[in-house]
Amino acid sequence: MSLSENIQAAEQALEESRDKLLEVSKQYEENPEPTMLEALETQTEDVELKSKELESYRRAEKALAVQASAKPAATEAVA
């Protein structure tokens, strides 16, 4: 998968995880049991993990874009 495809997949995974967090949150409100609290914490951690993954892909894309734009300038300076 290309970096762009990874970003798209990570965005989709994050959106799905957030939707699941909303669902679990509603379930916890209806049934504030310790097991539901654990499910809420687990889903929150999943959202955080997916968010970090997406941010990593975006930083990598940005770094590569900066590197790619710097290469032609370095090549022109040599010529």
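Modeller: A salt bridge is a side-chain nitrogen of Lys or Arg within 4 Å of a carboxyl oxygen of Asp or Glu. The structure holds 3 salt bridges. This is a predicted model, in which local features need pLDDT of at least 70, side-chain atom pairs count only at pLDDT 80 or more, and totals for chains, interfaces and linings use all residues. Residues are numbered from 1 along each chain as its sequence is written, and side-chain values use heavy atoms, with hydrogens and water left out.

Colleague: What makes arginine 58 and glutamate 11 a salt bridge?

Modeller: Their side chains meet at 2.8 Å, N to O, and the criterion is within 4 Å, so the pair qualifies. Arginine 58 lies in helix α2 and glutamate 11 in helix α1, so the bridge ties together parts that are 47 residues apart in sequence. Helices here are DSSP runs (H or I, at least four residues), numbered from the N terminus.

Colleague: Why do lysine 20 and glutamate 23 count as a salt bridge?

Modeller: Their closest N and O atoms are 3.9 Å apart, and the limit is 4 Å, so this pair also counts. Both residues lie in helix α1, 3 residues apart, about one turn of the helix.

Colleague: Why is asparagine 6 called buried?

Modeller: Its relative accessible area is 18%; buried means under 20%, exposed over 50% and partly exposed in between (1.4 Å probe, protein chains only), so asparagine 6 is buried.

How values were computed
Helix = DSSP H or I, 4+ residues; strand = E, 2+ residues; numbered from the N terminus.
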